[in-house]
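Let's take a tour of this protein.

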Amino acid sequence: MTDRALLHDLWTDLGGAPEALDRVALIGPDAVLPSVFDVTGFATASVAVAALGVAELAAARGGASALPSVVIDRLGASAGRLDAGELRDLDAALALVLGF
């Protein structure tokens, strides 16, 4: 199962609209973590579902008619870390969602 297919299954199983997945871009190498299981795909799909949920909430809270794009780097998702730019983006998204 690809990370895109896993993302679809996780998102729709949680009640997300399948068309929202068109706003998600997955970038980076397909396999980052060495394993017989697709742990890179699972990490990527998990982070993408969470980020897409925040994007939906931000759009709803901000009155936006369009869902913001979500870009997930497989390397970053697998490493379990955020760089300074990603932290600024996350901070801005949370501020929008929480009304700060």
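H1 and H2 are oblique to each other, a word kept for angles that are not under 35 degrees (roughly parallel), over 145 (roughly antiparallel) or 65 to 115 (roughly perpendicular). Their axes come within 9 Å and cross at roughly 45°. Here, axes are lines fitted to C-alpha atoms over the stretch in contact, with angles from 0 to 180 degrees between N-to-C directions.

Which residues of H1 meet H2? They are Asp3, Leu6, Leu7, Leu10 and Trp11, and their partners in H2 include Phe42, Ala45 and Leu52. Contact means heavy atoms within 4.5 Å.

## A word on the model

This is a predicted model, where local features need pLDDT of at least 70 and side-chain atom pairs 80 or more, while totals for chains, interfaces and linings use all residues. Residues count from 1 along each chain as its sequence is written, and side-chain values use heavy atoms, leaving out hydrogens and water.

## The nonpolar core

The largest nonpolar core has 17 residues, and Leu7, Val24 and Leu52 touch the most other members. Such a core is a set of buried Ala, Val, Leu, Ile, Met, Phe, Trp, Tyr and Cys residues joined through side-chain atoms within 4.5 Å; buried means under 20% relative accessible area (1.4 Å probe, protein chains only). H2 gives the largest share of this core, 6 residues.

Leaving aside residues up to four places away in sequence, Leu7 touches Leu21, Val24, Ala45, Ala48 and Val49.

## The whole chain

There are 4 helices and 2 strands, which are DSSP runs (H or I, at least four residues; E, at least two) numbered from the N terminus. Of the 100 residues, 28% count as buried.

Note on methods: Buried < 20%, exposed > 50% of the residue type's maximum accessible area, 1.4 Å probe, protein only.
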